[in-house]
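Please look through the sequence and the model below before reading on.

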Amino acid sequence: MGVFDGEGSISACFAKAGRCALMLSLTMASEEVVDLFVATWSGGKHKVKKLTVGGLQLYTWHISASRAIPFLEYAVAHSRVKRQQAEIGLILARKMWKYRAGAGTRKGYNLHNGDRILTADELEARRA
């Protein structure tokens with residue numbers, strides 16, 4: 001958890017039409033550590049295209065939305081630096097999970113016909 005406290009980030013944003021995104025990431029030069037995060041918590045890994053000023057290759061672990069819930073639960077229990085961010089991220093991830101209604105729907109929209117599956121009140125609660 002100390003690696004994530006120092007090198008990780010938890011961020012949330014609201015996009016157009018009330019869509020919400022939650023992203024956790026960790027970027028560092030140790031590919032072995034990034035691979036350990038992927039193996040332990042799932043998520044994805046990518047190689048940063050641009051080298052650092054010192055010529056180091058960086059790698060990023062990333063996980064988003066409800067897939068991040070197990071990691072956020074661990075972070076709430078063990079983080080020293082990012083505990084408050086993890087608590088807020090966990091609340092958001094659980095709310096996002098609530099609206100993940102299964103095949104054909106995502107982030108409050110029915111992907112088959114574009115209809116909103118959230119009411120105006122639910123959307124306002126999500127923004128709050």
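The protein chain holds 5 helices and 6 strands, where helices (H or I, at least four residues) and strands (E, at least two) are DSSP runs numbered from the N terminus. Read from the N terminus on, these elements follow the order α-β-β-α-β-β-α-α-β-β-α. This is a predicted model, in which local features need pLDDT of at least 70 and side-chain atom pairs count only at pLDDT 80 or more, while totals for chains, interfaces and linings use all residues. Residues are numbered from 1 along each chain as its sequence is written, and side-chain values use heavy atoms, with hydrogens and water left out.

Of the 128 residues in the protein chain, 32% are buried, that is, under 20% relative accessible area with a 1.4 Å probe and protein chains only.

An open sheet of 4 strands is arranged in the order S1-S2-S4-S3 with antiparallel pairing, two strands being paired if DSSP finds at least two bridges between them. Strands S1 and S3 are the edge strands, each pairing on one side only. Strands S3 and S4 run antiparallel and are joined by 4 bridges, and Lys 45 has Trp 61 in S4 as its bridge partner.

| Strand | Residues |
|---|---|
| strand S1 | residues 8–14 |
| strand S2 | residues 20–28 |
| strand S3 | residues 44–47 |
| strand S4 | residues 59–64 |

Helix H2, residues 31–41, lies across S2, S3 and S4 and runs at about 20° to S4, with axes fitted to C-alpha atoms, for helices over the stretch in contact (heavy atoms within 4.5 Å), and angles from 0 to 180 degrees between N-to-C directions.

Conventions
Buried means under 20% relative accessible area, exposed over 50%, partly exposed in between (1.4 Å probe, protein chains only).
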